[in-house]
Amino acid sequence: MNAPTLSLCITCYDGDYHLLNKLLNECKKQTIAPNDIIISSSGMKKENLLDIGSIVINSCEVPITHINQEIRHSEGQARNYGAEHTKMDLIQFFDVDDVPHPKRVEFAKKIFEGSNCDALVHSYKTDHNKNFDTLELNNDKLFECWWKPDTGLGGGQLKANEGCKIAHGPITIKPNISKKIKYDFDRRAADCKFCGKLMKENYKVFYYDAELMHYNL
């Protein structure tokens with residue numbers, strides 16, 4: 001089986017769009033390039049969008065598609081719009097104000113290639129040190145998730161192992177799922193609600209137990 005193709009979908013709005021160029025420079029550190037990048041933004045005037053059609057990652061020229069709605073909307077809506085525009089096997093969501101581990105794309109492609117998962121989440125770091133550990137893919141760190149209901153805004157959260165620390169937002173999924181399950185059009189716990197819908201529909205959601213992003217909480 002060939003490695004799956006992957007779209008990296010960056011979500012942003014007029015309040016954090018100024019961070020986009022910095023994140024794209026971080027993306028250049030990826031050990032394996034995504035097949036394309038989709039920038040799904042809102043609240044921006046067309047004339048203020050970043051004028052860039054591609055970047056080079058690991059000697060590969062990666063095309064960039066810009067999707068923008070001039071009326072500001074939620075991150076969930078930005079992910080819905082991004083998923084509608086991908087032509088790849090996978091779409092990997094990422095917020096513009098976070099920092100990805102250099103092997104985030106590589107690990108996602110390899111995990112989907114070697115397992116039967118439909119969606120993939122991972123852990124994160126929040127300390128002041130934004131340097132990442134050097135990692136090699138270890139299948140012993142891959143766990144299938146289960147759902148823990150609660151009375152919070154999202155109605156529950158993904159669980160996978162003792163002490164797991166799961167980032168629900170920056171998920172990687174098969175785009176055909178997004179044709180059936182959408183993010184809620186609200187600003188409150190849309191990430192957890194989306195993951196809850198995946199579990200309710202019996203999709204296989206896997207968790208990789210490693211800090212594959214720096215989360216700007």
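The side chain of Gln-30 makes a polar contact with the backbone nitrogen of Arg-104 at 3.4 Å. A polar contact here is a pair of N or O atoms within 3.5 Å; within protein, one must be able to donate a hydrogen and the other to accept it, and residues adjacent in sequence count only if both atoms are side-chain atoms. This is a predicted model, where local features need pLDDT of at least 70 and side-chain atom pairs count only at pLDDT 80 or more, while totals for chains, interfaces and linings use all residues. Residues are numbered from 1 along each chain as its sequence is written, and side-chain values use heavy atoms, with hydrogens and water left out.

Back to Gln-30: you'll find this residue in the loop between α1 (20-27) and β2 (36-42). Helices (H or I, at least four residues) and strands (E, at least two) are DSSP runs, numbered from the N terminus. Gln-30 is buried, at 5% relative accessible area. Buried means under 20% relative accessible area, exposed over 50%, and partly exposed in between (1.4 Å probe, protein chains only). Setting aside neighbours within four places in sequence, Gln-30 is in contact with residues including Ile-57, Asn-58, Pro-100 and Val-105; contact means heavy atoms within 4.5 Å.

Gln-30 also turns up around a cavity. The whole structure has one cavity of 30 Å³ or more, and the space in the largest cavity is about 50 Å³. Its lining is made of Leu-8, Cys-27, Gln-30, Gln-92, Phe-94, Pro-100, Arg-104 and Val-105, with β5 (90-95) and α3 (104-114) as the elements giving two or more residues. On a 1 Å grid over the protein atoms alone, a cavity is a set of points where a 1.4 Å probe fits but cannot get out, and a pocket is an open set with protein on both sides within 12 Å along at least five of seven lines; lining residues have an atom within 4 Å of a point. Grid points are joined across faces, edges and corners, and a volume is the space filled by probe spheres set on the points.

Two or more lining residues come from each of β1 (6-13), α2 (75-85) and α5 (190-200), with α2 giving the largest share, four residues.

Now for strand β12 (residues 205-214): eight of its ten residues are buried, so the strand is largely enclosed by the rest of the structure. Its pairings are tabulated here; two strands pair if DSSP finds at least two bridges between them.

| Strand | Sense of pairing with β12 | Bridges |
|---|---|---|
| β6 (residues 99-100) | antiparallel | two bridges |
| β7 (residues 119-125) | parallel | six bridges |
| β8 (residues 142-144) | antiparallel | three bridges |

Picking out individual pairs, Pro-100 sits opposite Met-213 in β12, Ala-119 has Val-205 as its bridge partner, and Phe-143 faces Tyr-207.

On to the cysteines: there are zero disulfides in the whole structure, a disulfide being a pair of cysteine sulfur atoms within 2.5 Å. For Cys-9, the nearest cysteine sulfur is that of Cys-12, 8.9 Å away. Cys-9 is buried, with a relative accessible area of 0%. Cys-60 has its nearest cysteine sulfur on Cys-27, 14 Å away, and Cys-60 is partly exposed at 39%.
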